[in-house]
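Notebook open. I want to go through this model one element at a time and write down what I find.

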Amino acid sequence: MDARRPRRWSKLALLGAVALGVATAGGASAAESGRLLETGSSLLYPLFNIWVPVYTKAHSGVQITTQSTGSGTGISESVSGLAQIGASDAYLSNALEKQHPEMLNIPLAISSQMVNYNLPGLNGEHLKLSGPVLAGIYEGKITKWNDPAIAKLNPGVKLPDDTIVPVHRTDGSGDTFIFSQYLTDTSPDWAKSIAYGTTISWPSVSGGLGAEGNQGMVNTVNQTPYSIAYIGISFKGATDQDKLGEAMLENRSGKFVLPTTATVQSAANSMVAKTPKDERISLIFAPGANSYPIINYEYAIIKSKQGDAQSATDLKTFLRWALNGTGGNAESFMQQVSFVPLPASVRKLSDAQIAKIGG
Amino acid sequence: MKFRTLLAMLGGLVPASMIAILAFLAIYSWPAIDYNGISFLGGMQWNLGSLYANPITVAGVDILPGASYGIFFLIVGTLLSTFIALLLAVPIGVGAAIFLAEAVPPGPRLWLSFLVELLAAIPSVVYGLWGYAAVVPLMAHYVFPAMADVLGWIPGFGQPTGSGFGLLTSGIVLSLMIVPLIAATLRDAIDSQPAAVRESAAALGATRFETVWRVILPGLRSILIGACVLATGRALGETMAVLMVSGNALNTLPQTIYAPISTMAAFIASQLDSALQDPTGLAVRSLAEIALVLCIISIGVNAAARVILAGFDQRRRNA
Amino acid sequence: MSTSALPAPHGVTLQRSANRILQRRREWLAAAGWTLCAGSLALLGGAMLWILGMVLVRGIGALNLTIFTEVTQGTGGGLLNAIEGTVAIAAGTLILAVPFGIAAGIYVSEYRWTRWAQTIRFLADVLVGVPSIVLGYFGYITMVEWLGWHFSIAAASITLAVLCLPYICRTTEMALREVPPELREAGYALGAGPARVTFSLSMRYALPAVVTGVLLALAISVGETAPLLYTAGWSNYLWNGQLVRSPVGYLTYVIWAFINEPFASANALAYAAALLTTAFVLVVSLAARLLLLRRK
């Protein structure tokens with residue numbers, strides 16, 4: 001009787017193995033068509049989340065899943081074919097583009113970034129800050145709020161004699177990418193020692209903090225007096241609700257501006273002519289008296305050679321809808337996340353790239 | 001097939017998985033091990049380099065300019081946070097287990113035990129949320145300043161008390177996560193002790209508490225150590241919760257118990273996305289090397305526990 | 001002895017006073033001990049209520065019937081796809097982990113003097129220390145990419161099963177250690193073979209503790225996010241029944257991703273998902289316990 005039991009189990013095990021084999025084989029032959037996976041940037045995620053329900057209601061043949069994992073993961077999964085759309089706040093670097101020449105960087109919208117702070121009593125004012133000052137703060141060279149460099153930009157404002165707490169992102173982030181680009185473009189010191197990227201080697205500042213995600217940045221600044229952080233524009237609702245201060249940043253013309261639709265569009269328009277055909281360009285520190293210095297294209301990183309024809313067609317239809325001024329780029333979507341639609345000539349470039357997608 | 005052989009084969013999946021993971025990590029991270037050398041462990045500078053610059057060649061290996069991989073601060077952060085977590089979890093877990101097994105009548109025992117197991121049911125990401133929404137402000141505004149006042153004379157307990165994100169907070173959150181492992185296992189073990197042991201102790205005049213403390217618990221020493229080893233493992237490998245409350249220090253060692261730290265597991269999670277953007281692939285491989293070091297630390301902790309257990313067995317045999 | 005009319009000799013009186021002092025000290029220590037133990041339990045209970053309270057307060061806004069009928073769409077919707085995915089992944093994980101884990105635990109306990117048993121036990125303890133993100137990445141490279149399974153329940157279940165295995169193995173072993181040797185000896189004396197003795201006698205005695213271990217492992221695996229991000233992916237739709245090449249949803253993704261969104265509806269959904277994940281494990285736990293009670 002005891003000898004029988006082991007034999008029953010081994011039969012069961014054999015059955016299980018066969019079942020798994022069948023399921024695997026069956027799965028391999030079944031097509032994944034009609035299903036698109038978008039993954040990547042957490043900045044683009046809210047926008048995709050308001051696009052997809054509207055789009056799939058009108059186009060019932062396709063299922064689109066959106067996922068927030070980070071720009072690096074988005075790029076990596078798009079390269080390997082796991083995802084059809086890799087959302088990224090940053091275009092591929094030269095080295096990556098050389099390794100994967102079949103990848104397309106297609107801008108879908110334009111986003112910007114705020115610099116928020118928490119100064120008791122001063123959150124209603126808009127402090128004026130410049131790139132070199134911010135670089136100094138994040139390098140630990142400017143330690144107090146009433147430092148002469150900050151005071152010079154804000155005459156007449158009573159700055160407190162308290163230590164600044166700079167907060168940076170700990171996860172790989174497009175926000176870090178564009179913020180560090182701003183610091184690189186404005187501060188030669190920063191450019192030499194730290195440069196830019198989705199993760200950088202933040203200089204250790206006594207008391208400096210790291211936070212996860214934009215929400216983490218908002219929470220940290222809210223809970224920590226005398227802190228300062230860079231936060232994506234789509235979180236303006238959250239920062240307004242917590243009554244955090246928003247800084248006016250110095251642009252290339254020396255003026256101090258807030259990120260409004262007007263200032264962002266001014267910056268975007270001034271860079272349109274310089275945007276190359278592959279659309280890989282930084283929009284940071286754009287020229288123009290009324291331009292906001294921290295804006296960027298939000299990219300969909302797409303492999304031009306998709307696995308199958310159905311996916312390619314579905315993908316192209318969706319992307320064209322997303323770019324359209326009556327579709328994804330309509331004001332009703334953009335203003336929910338405080339993004340700005342693409343200028344017309346950039347849209348044409350994007351269209352040209354979309355045409356390259358094949359099955 | 002003999003029962004014993006079948007068991008041995010089925011049970012073999014456990015060592016097989018571990019060996020597979022170790023092999024994978026070793027092979028995958030070999031280029032990084034080769035390039036980083038021993039300064040990986042002692043180095044205090046972790047820098048992914050200029051992710052957007054073109055790779056340069058150093059010592060025959062393609063790397064990004066400015067890249068350097070040193071994880072000493074991670075090792076310190078991981079060991080300290082796990083140590084504090086155990087320091088808090090073991091007494092509380094043992095105390096709760098004793099109370100549940102002995103002092104609670106069978107009626108409420110069921111749902112009170114649930115209380116403890118429910119702590120294990122809470123997802124780690126929820127611990128993280130609770131950590132930074134509730135624990136961090138409490139610590140920063142009330143607990144840490146009070147501690148610095150009272151215990152400030154002990155080195156490492158004084159000012160600055162920081163923002164609430166840091167070593168002690170991580171230790172507290174971690175301890176709550178690992179306490180169910182100790183409490184639930186120990187409670188079951190105390191429960192399953194035969195009544196004869198309790199009766200004979202009572203006959204000798206021991207109080208109820210003494211019975212548990214001096215008679216039953218010492219016999220369960222190996223179970224307690226086993227549960228502690230599991231708890232240590234869980235604390236060493238915890239990712240999400242620590243990510244949200246540790247302050248995520250980069251390249252710095254904590255000066256006080258309130259200062260921010262980084263642990264290896266949380267660091268891997270937060271760096272993975274950016275590391276994937278390194279065209280040379282060295283960044284991801286260095287992350288795999290961190291995982292390998294963590295496995296080796298885990299092996300070390302377990303080997304030490306084995307030695308301690310063997311010491312107890314020896315003493316029991318000699319007694 | 002003290003029934004005589006004479007007072008007790010001086011030495012005896014001293015001894016009795018000393019005894020009384022000692023007795024009082026022991027009673028005092030016992031009382032202190034019980035207080036500390038009660039305090040520990042109260043601390044744990046308090047913390048648990050605090051956490052649950054926070055999740056409830058913030059998630060109650062999104063807790064309505066649509067959670068169970070709709071899929072996650074856009075910035076809100078329901079959690080049907082996530083619930084289904086979590087259940088499917090949990091089932092797959094248990095199917096894989098329980099037989100292998102319990103077998104390992106039985107072997108390590110019954111044949112603990114063998115080299116193989118010691119190896120299993122040692123490596124199980126080391127496996128517990130492997131971070132879940134590492135297991136996730138391991139699953140990603142080996143199953144999702146090399147084997148070509150892409151995001152799938154198969155990859156997710158296998159990865160989580162590897163996560164659970166050591167917990168189940170060690171808790172089973174510890175549970176079986178507490179079985180009195182007389183029970184086994186009686187079984188062998190009656191002529192039963194090792195399989196019979198193990199299952200009908202030892203395991204039956206240790207079953208509550210073994211079940212506790214399995215439930216703990218389930219709780220830990222269902223609460224994970226990082227490994228699932230890289231093996232199950234995520235899906236806004238219901239599972240299509242394929243074991244491979246078909247991403248699925250899971251509750252912890254909603255908690256992790258939606259808490260970071262700038263929309264209040266998304267945040268509330270995240271807390272609702274947190275509540276559901278905890279409730280799921282609680283329900284399974286309760287069901288298992290009730291079944292056990294009924295058996296006894």
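**Entry 1: a parallel pair in chain A.** I started with A:Leu36 and looked up its bridge partner in β2(A), which is A:Ile64. The model is predicted, so I read every value here as computed from a prediction. Next I checked the pairing as a whole. β1(A) runs parallel to β2(A), and 6 bridges join the two. Then I asked how covered β1(A) is. This strand spans residues 35–40 of chain A, and 6 of its 6 residues are buried. I sorted its residues by direction. A:Arg35, A:Leu37 and A:Thr39 point one way, A:Leu36, A:Glu38 and A:Gly40 the other way, and all are buried. I note that the buried set includes A:Arg35 and A:Glu38.

**Entry 2: β12 of chain A.** Which strands pair with β12(A)? I found β3(A), residues 85–88, in the antiparallel sense over 3 bridges. I also found β4(A), residues 103–117, again antiparallel, over 9 bridges. I noted a residue pair for each. A:Ala87 stands opposite A:Ala300. A:Ser112 stands opposite A:Ile295.

**Entry 3: an open sheet.** I turned to a sheet of 3 strands in chain A. The sheet is open, has the order β5-β10-β11, and its pairing is mixed. Its edge strands are β5 (128–129) and β11 (256–257), each pairing on one side only. β10(A), residues 248–250, meets β11(A) in the antiparallel sense over 2 bridges. Here A:Glu250 stands opposite A:Phe256.

**Entry 4: two helices of chain A.** For packed helices, I want the angle between the axes and the distance between the axes. How do α12(A) and α14(A) cross? The axes of α12(A), residues 309–323, and α14(A), residues 344–354, come within 10 Å and cross at roughly 180°. The two helices are therefore roughly antiparallel to each other. I listed the residues that meet. From α12(A) they are A:Lys316, A:Leu319, A:Arg320 and A:Leu323; from α14(A) they are A:Arg347, A:Ser350, A:Asp351 and A:Ile354. By class, this contact has 3 nonpolar, 1 polar and 4 charged residues.

**Entry 5: chain A and chain B in outline.** I put overall values for the two chains side by side. Chain A has 14 helices and 12 strands. Chain B has 13 helices and 4 strands. The C-alpha trace of chain A spans about 90 × 60 × 40 Å along its principal axes. For chain B the spans are about 80 × 65 × 40 Å. Of the 359 residues in chain A, 54% are buried. Of the 319 residues in chain B, 54% are buried.

**Entry 6: where chain A meets chain C.** How many residues are in contact here? I found 30 residues of chain A against 27 residues of chain C. On the chain A side, α1, α2, β2, α9 and α10 each supply at least two residues. That side has 11 nonpolar, 16 polar and 3 charged residues.

**Entry 7: where chain C meets chain B.** This contact takes 81 residues from chain C and 72 from chain B. Among the helices of chain C that each supply at least two residues are α1, α3, α6 and α11. The largest share of the chain C side, 19 residues, comes from α1(C). By class, that side divides into 57 nonpolar, 16 polar and 8 charged residues.

**Entry 8: the largest nonpolar core.** Last, I looked up which of its 317 residues touch the most other members. They are B:Ile182, B:Leu186, B:Ile268, C:Leu165, C:Val254, C:Ile255 and C:Ala273. The largest share of this core, 17 residues, comes from α6(C). I then followed C:Ile255, setting aside neighbours within four places in sequence. C:Ile255 is in contact with B:Pro123, B:Val125 and B:Val126, and with C:Ala270, C:Ala273 and C:Ala274.

Technical notes: Residues are numbered from 1 along each chain as its sequence is written. Chains are lettered from A and ligands numbered from 1 in the order in which they are written. This is a predicted model: local features need pLDDT of at least 70, side-chain atom pairs count only at pLDDT 80 or more; totals for chains, interfaces and linings use all residues. Two residues are in contact if their C-beta atoms, placed from the backbone, lie within 7 Å. Ala, Val, Leu, Ile, Met, Phe, Trp, Tyr, Cys and Pro count as nonpolar, Asp, Glu, Lys and Arg as charged, and the others, Gly among them, as polar. A residue is buried if 20 or more other C-beta atoms lie within 10 Å of its own, exposed if 12 or fewer, and partly exposed in between; C-beta atoms are placed from the backbone. Two strands pair if DSSP finds at least two bridges between them. A nonpolar core is a set of buried Ala, Val, Leu, Ile, Met, Phe, Trp, Tyr and Cys residues joined through C-beta atoms within 7 Å. Axes are lines fitted to C-alpha atoms, for helices over the stretch in contact, and angles run from 0 to 180 degrees between N-to-C directions. Angles under 35 degrees count as roughly parallel, over 145 as roughly antiparallel, 65 to 115 as roughly perpendicular and the rest as oblique.
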